[in-house]
Amino acid sequence: MLKPIICVAALLFAVTACGGAAPNSPNTPGSPSGEAGGPSIGIFVDNAFGDGDFLDQGGAAKAALQAQLHARVTTYEGRLEAQNFEPLLRDAAKANTLVFVLGFEAIDALKKVARDTPGTTFVFVDGVVDGGDVVSARFRTAEGCFMAGALAGATRRDGQQPVATGFIGGVDAPVVRRCQTGFDQGVAKLAPGMRVLPQFVGSFTDPAKGKEIALSLAEQGAYAVFSYAGLSGAGGFDAAKSGASIAPIGVVADKSPLAPGKVPGSLIMQVDSVILTLARSFQSGALKRGSAFAFGLNDGGWRMIYDPALVDRATQARLADLQKQIESGALKVTDPGMG
């Protein structure tokens, strides 16, 4: 069941106005509709599909929306050309009753178009948009990163616990710090004596610097290395593939193809699952403009995958038990951004 976030004022985050008018029914006469009366849904990305990461996770929702909701799905690519954002979003509003928007670059255009087109419900994925016109869907970041930290704490090098693990952040920003907070808690839960060595690239698009940092962390004794750093995180996998003694942990998507046989697991950001969940809510008439939602381990936001060749059954069972404790509420993960 979806649980809207209670609106609160935050010092570092915009206030989200909850409630608002209910969206038009997807089958209102004269409104766009998909196959067999299903909704017409748009998926807009500020860049382009094919990133093998966050945007592709969103694009993966298309097949499920068509198969399960009989939706007509249209995708839109902004290609980081700001002058195209507003026209594309207006086209999406005309053609669809529900539009999902991925990518922070398009927020200003999104707020304007959503305000001007009340007949279309817009959903921003992975953040909170103020103003009361847009549905916001974010992820409980610390919760997911806790599991990545627990995996790092459980990962062994030649059967021995390493002295340290590494955390590579893209930039020193609140969302990255939230992930680091969760990661630190996960490591401490399974390996209390293990040091966490954090470093920041200073960019989300510098894999060469990411590789340099990963190699430096290996020299300091880190084995498992987790990067919450966008494209910069690819550097850690490059380092492992080139022979460095590190075990990079993936995030957002399965990153094992980047360093075959070296990746113990990945934290999957289930953007497609979130989109499908909210589309179902919209189709039932329950999705309200301006409402906000948070997704974690127990409601389709995150899931872990493991390489059984690197993570044995006993360790997987231990990690699964931790995840169940988080899902049930028995284990609380501190997340400074979810107040």
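Let me begin with a definition: two strands are said to pair if DSSP finds at least two bridges between them, and helices (H or I, at least four residues) and strands (E, at least two) are DSSP runs, numbered from the N terminus. With that in hand, β4 and strand β5, which covers residues 134–139, pair in the parallel sense over four bridges, and in that pairing valine 125 stands opposite alanine 137 in β5.

Before going on, a word on the source: this is a predicted model, in which local features need pLDDT of at least 70 and side-chain atom pairs count only at pLDDT 80 or more, while totals for chains, interfaces and linings use all residues. Residues are numbered from 1 along each chain as its sequence is written, and side-chain values use heavy atoms, with hydrogens and water left out.

Staying with β4, strand β3 (residues 98–102) pairs with it in the parallel sense over five bridges, and the bridge partner of valine 101 in β4 is phenylalanine 124. Together β3, helix α4 (residues 107–116) and β4 make a right-handed β-α-β unit, right-handed meaning that, with the strands pointing away from the viewer, the path from the first strand over the helix to the second runs clockwise.

How many residues of β4 are buried? Taking buried as under 20% relative accessible area, exposed as over 50% and partly exposed as in between, with a 1.4 Å probe and protein chains only, five of the five residues of β4 (residues 121–125) are buried, so this strand is largely enclosed by the rest of the structure. Thr121, Val123 and Val125 point one way from the strand, whereas Phe122 and Phe124 point the other way.

Let me turn to the open sheet, in which six strands follow the order β7-β6-β8-β9-β10-β12 with mixed pairing. Since β7 (195–200) and β12 (302–306) stand at the edges, each with a single partner strand, one side of each is left without a neighbour in the sheet. Within this sheet, β8 (residues 222–228) and β9 (residues 247–252) pair in the parallel sense over three bridges, and alanine 224 has alanine 247 in β9 as its bridge partner.

Finally, the structure holds one disulfide, the term being used for a pair of cysteine sulfur atoms within 2.5 Å. It is formed by cysteine 145 and cysteine 179, whose sulfur atoms are 2.1 Å apart, and it links distant parts of the chain, with cysteine 145 in helix α5 and cysteine 179 in helix α6 (residues 174–190), 34 residues apart. Both cysteine 145 and cysteine 179 are buried.
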